[in-house]
Amino acid sequence: MTKKALIVWGGWDGHQPKQVAEIFRGQLVKEGFEVEVSDTLEAFADGEKLKALDLIVPVWTMGKIDGAWVNNVSAAVQSGVGLAGCHGGMCDAFRDNTDWQFMTGGQWIAHPGNDGTTYDVNIKHSSSPLVDGIADFTVSTEQYYLHTDPANEVLATTRFPLADGPHATNKSVDMPVIWTKRWGQGRVYYNSLGHQANIMEIPVVQELMRRGFNWAAEGKTLANADVKQEAYTGMQDNQL
């Protein structure tokens, strides 16, 4: 059965949301998804339509959203629909909506040094297959400092501080770059890279996003399988 994905792009033009959305669309089509692309948050207005998807990909920075639409996305993800995205398009989308931040696992607060900061992305090889075979790599872009959920499973980090600033008088910290988390039955994947489209075209970044999209979308199949198993078990119990 063909998986269905929805990409919703917009907000601050500085993150080139249209171009990033097109990169993601191409990736998902190659992976066999049926992809709908929307440039309006009204795409989140139909809760039942969202629940019929396998994957939601937000590419929207610094916007405002109707709380009911956030609830629709949240309900869809809780039912098993995957949520995956990058940079400010997912974790600086709606600064005044803490429900969105709770669901996504973090919120951008600063990028000391601004664009063009050169830093290492350190892969955390653990139980997750999402980073198997991927080595540490270096990028030159914004280095995101985020407030993050301690429930996240961190798959990659970067070391602060590099750029000078008031934060530099603290001890060195490893800031999450990539993480996963669960939201109800749904899977959430985030990658803080992606200030502009050229970063998302780096092969290792594309591979990380490809894996993240597929992993998040697989949650729907597993959630449906769990529901069917529960129903089957319930029928057996009733026959005893």
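Start by selecting strand β4 (residues 82-86) together with β11: the two pair in the parallel sense over 4 bridges. Strands here are DSSP runs of E with at least two residues, helices are runs of H or I with at least four, and both are numbered from the N terminus; two strands pair if DSSP finds at least two bridges between them. You are looking at a predicted model, where local features need pLDDT of at least 70, side-chain atom pairs count only at pLDDT 80 or more, and totals for chains, interfaces and linings use all residues. Residues are numbered from 1 along each chain as its sequence is written, and side-chain values use heavy atoms, with hydrogens and water left out.

Now zoom in on Val-188 in β11, where Leu-83 stands opposite. Lys-181 is also a bridge partner of Val-188.

Next, colour β11 (residues 186-191) by burial: 6 of its 6 residues are buried (under 20% relative accessible area, with exposed over 50% and partly exposed in between, using a 1.4 Å probe and protein chains only). Gly-186, Val-188 and Tyr-190 lie on one side, and Arg-187, Tyr-189 and Asn-191 on the other.

Move on to helix α1 (residues 17-30). Its buried residues are Pro-17, Val-20, Ala-21, Ile-23, Phe-24, Gln-27 and Leu-28. They sit on the same side of α1 because they cover an arc of only 160 degrees around the axis, taken from the directions from the helix axis to the C-beta atoms. Turn to the other side of α1 to find Lys-18 and Lys-30 exposed.
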